[in-house]
Amino acid sequence: MAVFYSHSEEETFAWAKAYAKTLERGDVVLLDGPMGAGKTMLAKGIIAGMGITDEVTSPTYAYVNEYGDVFHFDCYRIVSAAQAYGLGLADYFGRGGICLVEWSENIKELLPDAVKHVRISGEGNTREIEF
Ligand SMILES: Nc1ncnc2c1ncn2[C@@H]1O[C@H](COP(=O)(O)OP(=O)(O)O)[C@@H](O)[C@H]1O
Ligand SMILES: [Mg+2]
């Protein structure tokens, strides 16, 4: 495990953009951390790093936003595995794209065995990113 210390959202974005270069098709990346820590900022950087220029918004209401072969999940409001299966969320993991998952603890029954973790936490403008 390694740690990167970020002092601004721009530094977090830039770190995530570089981290994207380490990812391969089929990877499932769990973006962990409390509300407001910067999980969506990480997703924005990773998606930019994949060469995707679309505007990235939080998928809180849609659960998953698709950017080419990158799938960005926000499972904050998922209440059960049954609901997640019913929404078809499990299908994304077999599509050979890259899955970025916020609040993955709410869909743990659906996740594949092999996942990558990026954990972000901190206060003010400072963040610790463990990966
Ligand atoms: N170093 C930093 N890295 C990332 N976000 C930061 C940082 N400092 C302040 N912020 C702010 O924290 C918030 C992170 O929001 P967001 O990425 O939506 O969090 P989450 O998805 O974890 O709820 C943004 O308002 C951002 O401007
Ligand atoms: Mg978010």
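# Close-up views of the model

**View 1. W103 sits in the loop that joins β5 to β6.** This is a predicted model, in which local features need pLDDT of at least 70 and side-chain atom pairs count only at pLDDT 80 or more, while totals for chains, interfaces and linings use all residues. Residues are numbered from 1 along each chain as its sequence is written, and chains are lettered from A and ligands numbered from 1 in the order in which they are written. Helices (H or I, at least four residues) and strands (E, at least two) are DSSP runs numbered from the N terminus. W103 is not a glycine, yet its phi is positive, near 60°. With 19 other C-beta atoms within 10 Å, W103 counts as partly exposed; on this scale 20 or more such neighbours make a residue buried, 12 or fewer make it exposed, anything in between is partly exposed, and C-beta atoms are placed from the backbone.

**View 2. Helix α1 (residues 9-19) crosses helix α2 (residues 39-49) at roughly 45°.** The two axes come within 7 Å; axes are lines fitted to C-alpha atoms, for helices over the stretch in contact, with angles from 0 to 180 degrees between N-to-C directions. The helices are therefore oblique to each other, a word kept for angles that are not under 35 degrees (roughly parallel), over 145 (roughly antiparallel) or 65 to 115 (roughly perpendicular). The residues of α1 that meet α2 include F13, W15 and Y19, and those on the α2 side include M41, L42 and I46. Contact here is between C-beta atoms, placed from the backbone, that lie within 7 Å.

**View 3. Helix α2 is mostly covered, with nine of its eleven residues buried.** Among the buried residues of α2 are K39, K44, I47 and G49. Look around the helix and you will find its buried residues packing against α1, β2, β3 (64-67), β4, β5 and β6. Just after α2 comes G51, with a positive phi of about 85°.

**View 4. The largest nonpolar core holds 31 residues.** Such a core is a set of buried Ala, Val, Leu, Ile, Met, Phe, Trp, Tyr and Cys residues joined through C-beta atoms within 7 Å. Those with the most contacts inside this core are V29, L31, L42, F73, C99, L100 and V101. At least two core residues come from each of α1, β2 (28-32), α2, β4 (70-74), β5 (98-102) and β6 (116-121). The largest share, five residues, belongs to α2. Not counting residues up to four places away in sequence, V29 touches L23, C99, L100, V101, K116 and V118.

**View 5. F73 is found in strand β4.** F73 is buried because 26 other C-beta atoms lie within 10 Å. Leaving aside neighbours within four places in sequence, the contacts of F73 are P59, Y63, V64, L89, C99, L100, V101 and E102. The C-alpha atoms of F73 and H117, 44 residues apart in sequence, are 14 Å apart in space.

Notes. Contact = placed C-beta atoms within 7 Å.
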